[in-house]
Amino acid sequence: MPADPESKFGQIVVKVSGSKAFRAIGPRIVPPLDRLLHKLSGGRIILSGGMLPSLMLTTTGAKTGQKRIAPLATKPEADCWYVVGSNFGRDNHPAWTANLIANPDADVSFKAKDTPVRAHLLDAAEKAELWPRLVKFWPNYDVYTEASGRDLRVFRLDPR
């Protein structure tokens, strides 16, 4: 079960995950560990899944056409998933967001179930409506926005 950001433990996780030190080293450690654990567990375990619901997103490279796998935090709602291109608050958008813009058909592995999806980049109005729920879900999205100076891309992933 993921940590509740409002619990004591959740508050610690949020604070550490939003720190400058974690934002510097987290991108080098968390995604490779997530990919390894996901592979070894047959899709049942993702390290970051202890913090937030997480999925593995397989996109088609915008430049290479090759399959790319990205472990991502997700806000599942009804019959879709929302993902935010926070990139741990780094200056540039993560590559998977460019991949989805170029090729919106992708695949999601969530709780050991694979689902083909179509990505929709939220427009400003859609994002403004959703943003308060995203920040309640993971308060560091505001930290990552400020640290990066970017307008974070938000996608809705709908089953195909």
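Mentor: Let us begin with a definition: a residue is buried at under 20% relative accessible area, exposed at over 50%, and partly exposed in between (1.4 Å probe, protein chains only). The model here is predicted: local features need pLDDT of at least 70, side-chain atom pairs count only at pLDDT 80 or more, and totals for chains, interfaces and linings use all residues. Residues are numbered from 1 along each chain as its sequence is written, and side-chain values use heavy atoms, with hydrogens and water left out.

Trainee: Then let me try it out: which class does Arg-133 fall into, buried, partly exposed or exposed?

Mentor: Take its relative accessibility, which is 31%.

Trainee: Which residue forms a salt bridge with Arg-133?

Mentor: A salt bridge is a side-chain nitrogen of Lys or Arg within 4 Å of a carboxyl oxygen of Asp or Glu. Side chains of opposite charge can pair when their charged atoms come close. Here the closest N and O atoms are 2.8 Å apart, and the partner of Arg-133 is Glu-129.

Trainee: By about how much of a helix are Glu-129 and Arg-133 separated?

Mentor: Helices (H or I, at least four residues) and strands (E, at least two) are DSSP runs, numbered from the N terminus. Both residues sit in helix α4. Because they are four residues apart there, the separation is about one helical turn.

Trainee: Which two residues link strand β6 with strand β5?

Mentor: Look at a salt bridge with an N to O distance of 2.6 Å, between the side chains of Arg-118 and Asp-105. Arg-118 lies in strand β6 (residues 113-121) and Asp-105 in strand β5 (residues 105-110), 13 residues apart. Arg-118 is partly exposed at 43% relative accessibility, and Asp-105 is partly exposed at 29%. The linking pair is Arg-118 and Asp-105.

Trainee: What is the distance between the closest N and O atoms of Arg-156 and Asp-158?

Mentor: Arg-156 is partly exposed, with a relative accessible area of 23%. Asp-158 is also partly exposed, at 23%. The two form a salt bridge, with their closest N and O atoms separated by 2.9 Å.

Trainee: Is Glu-77 buried or exposed?

Mentor: Glu-77 is in strand β3 (residues 75-77). Not counting residues up to four places away in sequence, it touches Tyr-82, Leu-130 and Arg-133, where contact means heavy atoms within 4.5 Å. With a relative accessibility of 19%, Glu-77 counts as buried.

Trainee: How far apart are the C-alpha atoms of Gly-26 and Phe-88?

Mentor: Gly-26 is found in helix α2 (residues 20-40), and at 2% relative accessibility it counts as buried. Leaving aside neighbours within four places in sequence, Gly-26 contacts Pro-31 and Phe-88. Gly-26 and Phe-88 are 62 residues apart along the chain, yet their C-alpha atoms are separated by 7.5 Å.

Trainee: And how far apart in space are Pro-76 and Phe-110, C-alpha to C-alpha?

Mentor: Pro-76 lies in strand β3 and is partly exposed at 33%. Setting aside neighbours within four places in sequence, it contacts Pro-53, Trp-81 and Phe-110. Pro-76 and Phe-110 are 34 residues apart in sequence, and their C-alpha distance is 9.8 Å.
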